[in-house]
Amino acid sequence: MLIYRKDYKQKVDTFISNMKVVETKDNITDKFQKKLRSPLNYCKQLVETRSKWKHINLNPDAPVLRGLIKVHKEDAPIRPVVNYKSAPSYNLAKWFAKVLKEYIPLPNIYNVPNSVHLMKELADIPYAPDLRLASLDISNMFSHIPVKELLDIIEITCRNNTLEPTVIQEILQITNLITAQNYFKFQDKTFLQTDGLAMGAPTSSVLPELYIQYLENTTILDILCKFKILGHFRYVDDILIVYN
(Lines give C-alpha, C1' and ligand atoms only; values in the text may rest on other atoms or scores of the structure.)
Protein backbone atom coordinates (compact mmCIF):
# COMPACT_ATOMS: atom_id res chain seq x y z
CA MET A 1 0.00 0.00 0.00
CA LEU A 2 1.28 3.45 -0.95
CA ILE A 3 0.54 6.35 1.38
CA TYR A 4 1.59 9.98 1.55
CA ARG A 5 4.08 10.77 4.29
CA LYS A 6 1.77 13.35 5.89
CA ASP A 7 -1.10 10.82 5.98
CA TYR A 8 1.18 8.22 7.55
CA LYS A 9 2.30 10.68 10.21
CA GLN A 10 -1.30 11.64 10.91
CA LYS A 11 -2.28 7.99 11.46
CA VAL A 12 0.63 7.42 13.85
CA ASP A 13 -0.14 10.69 15.67
CA THR A 14 -3.76 9.58 16.04
CA PHE A 15 -2.65 6.26 17.52
CA ILE A 16 -0.31 8.01 19.97
CA SER A 17 -2.97 10.54 21.01
CA ASN A 18 -5.27 7.67 22.03
CA MET A 19 -2.63 6.23 24.36
CA LYS A 20 -1.74 7.19 27.92
CA VAL A 21 1.53 8.91 27.06
CA VAL A 22 3.34 12.13 27.82
CA GLU A 23 5.97 13.72 25.64
CA THR A 24 9.31 14.15 27.37
CA LYS A 25 12.33 16.27 26.55
CA ASP A 26 14.55 14.54 29.13
CA ASN A 27 17.25 12.06 28.20
CA ILE A 28 15.41 9.26 29.94
CA THR A 29 17.49 6.58 28.23
CA ASP A 30 20.46 7.54 30.42
CA LYS A 31 18.24 7.57 33.52
CA PHE A 32 16.87 4.12 32.73
CA GLN A 33 20.36 2.80 32.05
CA LYS A 34 21.59 3.95 35.47
CA LYS A 35 18.60 2.34 37.20
CA LEU A 36 19.53 -1.09 35.86
CA ARG A 37 22.55 -1.71 38.04
CA SER A 38 20.98 -1.44 41.48
CA PRO A 39 18.34 -4.20 41.00
CA LEU A 40 20.92 -6.44 39.34
CA ASN A 41 23.13 -6.09 42.41
CA TYR A 42 20.18 -6.73 44.72
CA CYS A 43 18.76 -9.81 43.00
CA LYS A 44 21.32 -12.38 44.05
CA GLN A 45 18.95 -15.37 43.91
CA LEU A 46 17.96 -14.92 40.28
CA VAL A 47 21.01 -13.16 38.84
CA GLU A 48 24.45 -14.72 38.93
CA THR A 49 27.08 -12.19 39.96
CA ARG A 50 29.44 -13.11 37.14
CA SER A 51 26.73 -12.77 34.47
CA LYS A 52 25.24 -9.41 35.50
CA TRP A 53 26.92 -7.61 32.62
CA LYS A 54 25.02 -9.78 30.11
CA HIS A 55 21.75 -8.12 31.16
CA ILE A 56 22.93 -4.58 30.42
CA ASN A 57 22.62 -3.03 26.97
CA LEU A 58 25.94 -1.23 26.53
CA ASN A 59 24.75 1.16 23.79
CA PRO A 60 21.12 1.94 24.58
CA ASP A 61 18.78 4.27 22.76
CA ALA A 62 15.06 5.00 22.78
CA PRO A 63 13.02 2.28 21.00
CA VAL A 64 11.63 3.51 17.69
CA LEU A 65 7.94 3.20 16.83
CA ARG A 66 6.79 2.53 13.28
CA GLY A 67 3.32 1.94 11.96
CA LEU A 68 2.14 -0.83 9.66
CA ILE A 69 -1.08 0.04 7.85
CA LYS A 70 -4.03 -2.28 8.55
CA VAL A 71 -5.44 -2.27 5.03
CA HIS A 72 -8.21 -4.72 5.98
CA LYS A 73 -9.75 -2.37 8.56
CA GLU A 74 -11.93 0.69 8.19
CA ASP A 75 -9.96 3.93 7.82
CA ALA A 76 -6.78 1.82 7.60
CA PRO A 77 -5.34 2.49 11.10
CA ILE A 78 -1.79 1.55 12.01
CA ARG A 79 -0.43 -1.48 13.78
CA PRO A 80 2.38 -0.27 16.07
CA VAL A 81 5.74 -1.97 15.64
CA VAL A 82 8.45 -1.04 18.14
CA ASN A 83 12.05 -2.15 17.85
CA TYR A 84 12.84 -2.62 21.54
CA LYS A 85 16.35 -4.03 20.99
CA SER A 86 17.94 -0.64 21.60
CA ALA A 87 16.21 -0.12 24.98
CA PRO A 88 18.34 -0.22 28.16
CA SER A 89 16.37 -3.15 29.60
CA TYR A 90 16.15 -5.27 26.42
CA ASN A 91 18.76 -7.86 27.45
CA LEU A 92 17.30 -8.04 30.94
CA ALA A 93 13.74 -8.42 29.62
CA LYS A 94 14.76 -11.13 27.16
CA TRP A 95 16.35 -13.17 29.97
CA PHE A 96 13.55 -12.42 32.45
CA ALA A 97 10.84 -13.67 30.08
CA LYS A 98 12.41 -17.14 30.39
CA VAL A 99 12.67 -16.78 34.18
CA LEU A 100 8.95 -16.02 34.47
CA LYS A 101 8.04 -19.12 32.45
CA GLU A 102 10.22 -21.21 34.75
CA TYR A 103 9.02 -19.85 38.10
CA ILE A 104 5.41 -19.01 37.16
CA PRO A 105 4.25 -21.60 34.61
CA LEU A 106 0.97 -20.68 32.93
CA PRO A 107 -2.00 -23.04 33.46
CA ASN A 108 -3.25 -22.59 29.85
CA ILE A 109 -6.60 -24.10 30.87
CA TYR A 110 -8.70 -22.09 28.44
CA ASN A 111 -6.15 -21.70 25.66
CA VAL A 112 -6.49 -23.16 22.18
CA PRO A 113 -3.00 -24.02 20.87
CA ASN A 114 -3.94 -24.08 17.18
CA SER A 115 -6.80 -24.16 14.67
CA VAL A 116 -6.77 -27.98 14.47
CA HIS A 117 -7.43 -28.26 18.21
CA LEU A 118 -10.21 -25.67 17.89
CA MET A 119 -11.92 -27.67 15.13
CA LYS A 120 -11.81 -30.81 17.25
CA GLU A 121 -13.38 -28.96 20.18
CA LEU A 122 -16.14 -27.52 17.98
CA ALA A 123 -16.87 -30.86 16.29
CA ASP A 124 -18.62 -32.23 19.40
CA ILE A 125 -20.88 -29.20 19.86
CA PRO A 126 -24.39 -29.36 18.34
CA TYR A 127 -25.05 -26.49 15.96
CA ALA A 128 -27.82 -25.09 13.78
CA PRO A 129 -27.41 -24.30 10.05
CA ASP A 130 -27.49 -20.56 10.75
CA LEU A 131 -24.81 -20.72 13.45
CA ARG A 132 -22.52 -17.71 13.79
CA LEU A 133 -19.18 -17.80 15.58
CA ALA A 134 -18.19 -14.67 17.51
CA SER A 135 -14.51 -13.80 17.82
CA LEU A 136 -13.54 -11.09 20.30
CA ASP A 137 -10.27 -9.19 20.09
CA ILE A 138 -8.38 -7.01 22.57
CA SER A 139 -7.48 -3.64 21.11
CA ASN A 140 -3.83 -2.64 21.72
CA MET A 141 -3.50 -5.22 24.49
CA PHE A 142 0.05 -4.45 25.65
CA SER A 143 -0.61 -0.77 26.32
CA HIS A 144 -3.88 -1.52 28.15
CA ILE A 145 -2.57 -3.96 30.77
CA PRO A 146 -2.72 -2.16 34.17
CA VAL A 147 0.76 -2.48 35.67
CA LYS A 148 -0.22 -2.10 39.34
CA GLU A 149 -2.82 -4.87 39.09
CA LEU A 150 -0.34 -6.99 37.17
CA LEU A 151 2.25 -6.70 39.97
CA ASP A 152 -0.38 -7.74 42.53
CA ILE A 153 -1.31 -10.75 40.39
CA ILE A 154 2.33 -11.78 40.02
CA GLU A 155 2.82 -11.63 43.78
CA ILE A 156 -0.31 -13.71 44.41
CA THR A 157 0.69 -16.25 41.75
CA CYS A 158 4.21 -16.53 43.17
CA ARG A 159 2.80 -17.23 46.62
CA ASN A 160 0.39 -19.81 45.21
CA ASN A 161 3.41 -21.52 43.65
CA THR A 162 5.10 -21.48 47.10
CA LEU A 163 8.14 -19.56 45.93
CA GLU A 164 10.59 -18.32 48.53
CA PRO A 165 9.92 -14.75 49.77
CA THR A 166 13.33 -13.61 48.52
CA VAL A 167 12.65 -14.92 45.02
CA ILE A 168 9.21 -13.28 45.01
CA GLN A 169 10.68 -9.91 45.92
CA GLU A 170 13.33 -10.20 43.22
CA ILE A 171 10.74 -11.13 40.58
CA LEU A 172 8.62 -8.14 41.59
CA GLN A 173 11.60 -5.79 41.58
CA ILE A 174 12.75 -6.81 38.12
CA THR A 175 9.17 -6.70 36.79
CA ASN A 176 8.73 -3.21 38.20
CA LEU A 177 12.01 -2.11 36.63
CA ILE A 178 11.20 -3.46 33.16
CA THR A 179 7.63 -2.15 33.10
CA ALA A 180 8.85 1.30 34.13
CA GLN A 181 11.12 1.46 31.07
CA ASN A 182 8.07 2.04 28.93
CA TYR A 183 8.85 4.60 26.27
CA PHE A 184 9.37 5.02 22.55
CA LYS A 185 10.44 7.53 19.94
CA PHE A 186 8.58 8.62 16.82
CA GLN A 187 10.52 10.84 14.46
CA ASP A 188 11.96 13.64 16.63
CA LYS A 189 9.72 13.15 19.68
CA THR A 190 10.05 10.82 22.68
CA PHE A 191 6.99 9.59 24.57
CA LEU A 192 6.71 7.95 27.98
CA GLN A 193 3.73 5.68 28.65
CA THR A 194 2.05 6.38 31.98
CA ASP A 195 0.54 2.88 32.18
CA GLY A 196 0.47 -0.36 30.26
CA LEU A 197 3.32 -2.53 29.04
CA ALA A 198 6.07 -1.59 26.65
CA MET A 199 5.35 -2.39 23.02
CA GLY A 200 8.00 -4.73 21.61
CA ALA A 201 9.55 -5.74 24.93
CA PRO A 202 10.32 -9.50 25.23
CA THR A 203 8.36 -9.67 28.51
CA SER A 204 5.27 -8.12 26.91
CA SER A 205 4.27 -11.50 25.51
CA VAL A 206 4.46 -13.26 28.89
CA LEU A 207 3.10 -10.60 31.27
CA PRO A 208 -0.27 -10.12 29.49
CA GLU A 209 -0.80 -13.88 29.56
CA LEU A 210 -0.18 -13.90 33.33
CA TYR A 211 -2.73 -11.13 33.74
CA ILE A 212 -5.42 -12.53 31.43
CA GLN A 213 -5.12 -16.15 32.53
CA TYR A 214 -5.38 -15.08 36.16
CA LEU A 215 -8.65 -13.30 35.36
CA GLU A 216 -9.87 -16.36 33.45
CA ASN A 217 -9.24 -18.59 36.46
CA THR A 218 -10.69 -16.18 39.04
CA THR A 219 -13.08 -13.38 38.07
CA ILE A 220 -14.37 -14.87 34.81
CA LEU A 221 -14.58 -18.36 36.34
CA ASP A 222 -16.66 -16.97 39.21
CA ILE A 223 -19.07 -15.38 36.73
CA LEU A 224 -19.48 -18.63 34.80
CA CYS A 225 -20.05 -20.62 37.99
CA LYS A 226 -22.54 -18.04 39.25
CA PHE A 227 -24.72 -18.49 36.19
CA LYS A 228 -24.08 -22.26 36.15
CA ILE A 229 -22.89 -22.29 32.57
CA LEU A 230 -19.39 -23.66 33.07
CA GLY A 231 -18.63 -26.59 30.80
CA HIS A 232 -21.73 -25.94 28.69
CA PHE A 233 -22.82 -23.92 25.71
CA ARG A 234 -25.85 -21.85 24.79
CA TYR A 235 -27.21 -19.72 21.97
CA VAL A 236 -27.65 -15.99 22.35
CA ASP A 237 -29.42 -14.43 19.37
CA ASP A 238 -28.26 -17.35 17.18
CA ILE A 239 -24.65 -16.88 18.31
CA LEU A 240 -23.03 -19.91 19.90
CA ILE A 241 -21.32 -19.07 23.19
CA VAL A 242 -18.99 -21.85 24.36
CA TYR A 243 -17.75 -22.13 27.95
CA ASN A 244 -14.91 -24.61 28.13
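This is a predicted model: local features need pLDDT of at least 70, side-chain atom pairs count only at pLDDT 80 or more; totals for chains, interfaces and linings use all residues.
Residues are numbered from 1 along each chain as its sequence is written, and side-chain values use heavy atoms, with hydrogens and water left out.

**View 1. Packing of helix H7 (residues 147-160) against helix H8 (residues 165-180).** The axes of H7 and H8 lie 10 Å apart at an angle of about 160° (axes are lines fitted to C-alpha atoms, for helices over the stretch in contact, and angles run from 0 to 180 degrees between N-to-C directions; helices are DSSP runs of H or I with at least four residues, numbered from the N terminus). H7 and H8 are therefore roughly antiparallel to each other (angles over 145 degrees count as roughly antiparallel, under 35 as roughly parallel, 65 to 115 as roughly perpendicular and the rest as oblique). Val147, Leu151, Ile154, Glu155, Cys158 and Arg159 of H7 make the contact with Ile168, Ile171, Leu172, Thr175, Asn176 and Thr179 of H8, contact meaning heavy atoms within 4.5 Å. The residues of this contact comprise seven nonpolar, three polar and two charged (Ala, Val, Leu, Ile, Met, Phe, Trp, Tyr, Cys and Pro count as nonpolar, Asp, Glu, Lys and Arg as charged, and the others, Gly among them, as polar).

**View 2. Packing of helix H4 (residues 90-103) against H8.** The axes of H4 and H8 come within 11 Å and cross at roughly 140°, and the two helices are therefore oblique to each other. Leu92, Ala93, Trp95, Phe96, Leu100 and Tyr103 in H4 meet Val167, Ile171, Ile174, Thr175, Leu177 and Ile178 in H8. The residues of the contact of H4 with H8 divide into eleven nonpolar, one polar and no charged.

View 3. The whole structure contains zero disulfides, a disulfide being a pair of cysteine sulfur atoms within 2.5 Å. Cys43 is buried, with a relative accessible area of 0%, and Cys158 is buried with a relative accessible area of 0% (buried means under 20% relative accessible area, exposed over 50% and partly exposed in between, with a 1.4 Å probe and protein chains only).

View 4. Pro208 counts as buried at 1% relative accessibility. Leaving aside neighbours within four places in sequence, Pro208 is in contact with Met141, Phe142, Ile145, Leu197 and Thr203. Pro208 and Phe142 are 66 residues apart in sequence, yet 6.9 Å apart in space, C-alpha to C-alpha.
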